[in-house]
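Please look through the sequence and the three-dimensional model shown below before reading the notes. The notes are grouped by topic, so that each part can be checked against the display in turn.

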Amino acid sequence: VLPRCYEMVGFGVVGPHWFGPLCCQGLLSGATLYYAPLAYRSIGVISTIICLLFFTVGTVSLLIVSCSDPGVVKSIRGGGMDGRGGLDGVGMGRNG
């Protein structure tokens, strides 16, 4: 969010910075590269498969989140898509 832009103009862009998903993927990959072989040697094949499954689910989830439409947040002054400052009732009750 761009707080100053939001305060002055009434809207701000919300979304992931390009460096955030890269760091998360690096941490996820590093942890998997360290723990998967360790799990294979210490516990067995099933724990390695579980580790790789968590890596796959984590990577897919990260890609879905980081490649999604970031959206635009508008203030009441700027008028949102629903005319109340929210985006179709998100963050507030449907009736008010």
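The model is a predicted one, and the values given here were computed from it. The protein chain contains three helices and two strands, and, read from the N terminus, these elements follow the order α-β-α-α-β.

**The chain as a whole**

- Of the 96 residues that make up the protein chain, 19% count as buried.
- When contacts between residues at least 6 apart in sequence are considered, 51% of them join residues that are at least 24 apart.

**How helices α2 and α3 pack**

- Helix α2, which covers residues 19-42, packs with helix α3, which covers residues 45-66, at an angle of about 175 degrees, and the two axes are 9 Å apart.
- Because angles over 145 degrees count as roughly antiparallel, the angle between these helices makes α2 roughly antiparallel to α3.
- On the α2 side, the residues of the contact include P21, C24, Q25, L28 and T32, while those on the α3 side include V45, S47, C51, L52, F55 and G58.
- Sorted by kind, the residues of the contact of α2 with α3 comprise 12 nonpolar, eight polar and no charged.

**Residues within this contact**

- T32 has its place in helix α2, and T32 counts as buried because its relative accessibility is 11%, which falls under the 20% cut-off.
- Leaving aside residues up to four places away in sequence, T32 touches P37, C51, L52 and F55.
- S47 has its place in helix α3, and S47 is also classed as buried, with a relative accessible area of 17%.
- Although S47 and Y35 are 12 residues apart in sequence, the distance between them in space is 9.9 Å, taken from C-alpha to C-alpha.
- C24 lies in helix α2, and C24 is partly exposed, since its relative accessible area is 41%, a value between the 20% and 50% cut-offs.
- C24 and G58 are 34 residues apart in sequence, yet their C-alpha atoms are 9.6 Å apart in space.

**Cysteines and disulfides**

- A disulfide is a covalent bond that links the sulfur atoms of two cysteines.
- How many disulfides does the structure hold? The structure holds zero disulfides.
- C23 is partly exposed, and its relative accessible area is 33%.

**The aromatic pair**

- The structure holds one aromatic pair, which is formed by Y34 and Y35.
- The pair of Y34 and Y35 is edge-to-face, with 4.7 Å from centre to centre and 85 degrees between the planes; the name applies because planes over 60 degrees apart count as edge-to-face.
- Is Y34 buried or exposed? Y34 is exposed, because its relative accessible area is 53%, whereas Y35 is partly exposed, with a relative accessible area of 47%.
- Y35 also belongs to the residues of α2 that meet α3.

Technical notes
Residues numbered from 1 in each chain as written. Predicted model: local features only at pLDDT ≥ 70, side-chain atom pairs only at ≥ 80, totals over all residues. Heavy atoms only, no water. Axes fitted to C-alpha atoms, helices over the stretch in contact; angles between N-to-C directions. Helix = DSSP H or I, 4+ residues; strand = E, 2+ residues; numbered from the N terminus. Parallel < 35°, antiparallel > 145°, perpendicular 65-115°, else oblique. Contact = heavy atoms within 4.5 Å. Nonpolar A, V, L, I, M, F, W, Y, C, P; charged D, E, K, R; others polar. Disulfide = S-S within 2.5 Å. Buried < 20%, exposed > 50% of the residue type's maximum accessible area, 1.4 Å probe, protein only. Phe/Tyr/Trp six-rings, centres within 6.5 Å; stacked < 30°, edge-to-face > 60°.
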